[in-house]
Amino acid sequence: MDDEMRPPRVTIRRQVEWAQTDAAGHHHWTAVLHWAEQAETALHERLGVAGQIWGREPRVHVSVDFTARLYFRDEVDIALWVERLGTTSATYAFTATKVATGEQAAAGTLVTAYVDLDSGRATGWPDALRAALSRGAAPAPLPGSGAADGSPPPDAPGR
């Protein structure tokens, strides 16, 4: 598959912190979800769409298979990519891999819905965002959506 046909993808590196371990001494299962969300944010920033998507893409389904343990201070690579783009949804696939051994510790998917901020209901992806998430092209800013650099709009929650 040539680069133009590959879905947008990002890999980030994290380290298992003490607060991310459980009583058994290995990573707590929720750490993987936090890392996947951090990778999703990095992908959106890289594509220049973070400000246009932030607050408009709640999770509607999450699935994770855990295949190995990670321990305190282990380095982990989290790869995340757009697996499928529906009319109103996006499926992001991800893996968490132990850097020292190359062993995959988890793999999963996050399904999100693109929602209208006023109604909170799912709505179709704007063409510019669809293009960015499909092919990795940075879109022009949507009216009222924040800067093309990915900063949240001025009226975003928490601003």
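The tour below moves from the sheet to its strands, and then to a loop and a helix.

This is a predicted model, in which local features need pLDDT of at least 70 and side-chain atom pairs count only at pLDDT 80 or more, while totals for chains, interfaces and linings use all residues. Residues are numbered from 1 along each chain as its sequence is written, and side-chain values use heavy atoms, with hydrogens and water left out.

Begin by selecting the open sheet of 5 strands, whose order is 1-3-4-5-2 with antiparallel pairing. Its edge strands are strand 1 (9-15) and strand 2, each of which pairs on one side only. On average, neighbouring strands of this sheet are turned by 20 degrees against each other, direction ignored. Strands (E, at least two residues) and helices (H or I, at least four residues) are DSSP runs numbered from the N terminus; two strands pair if DSSP finds at least two bridges between them.

**Strand 5.** Next, select residues 104-113, which form strand 5; 8 of its 10 residues are buried. Buried means under 20% relative accessible area, exposed over 50%, and partly exposed in between, with a 1.4 Å probe and protein chains only.

**Its two partners.** In the hairpin of strand 4 and strand 5, with 5 residues between the strands, look for Gly 102, which takes a positive phi near 75 degrees.

**Thr 87.** Move to the loop between strand 3 (75-85) and strand 4, where Thr 87 is found. Is Thr 87 buried or exposed? Thr 87 counts as exposed because its relative accessibility is 61%. Leaving aside residues up to four places away in sequence, Thr 87 touches Thr 123, Gly 124, Trp 125 and Arg 130, where contact means heavy atoms within 4.5 Å.

**Helix 1.** Finally, select residues 29-47: helix 1 lies across strand 1, strand 2, strand 3, strand 4 and strand 5, and runs at about 135 degrees to strand 1. Axes are lines fitted to C-alpha atoms, for helices over the stretch in contact, and angles run from 0 to 180 degrees between N-to-C directions.
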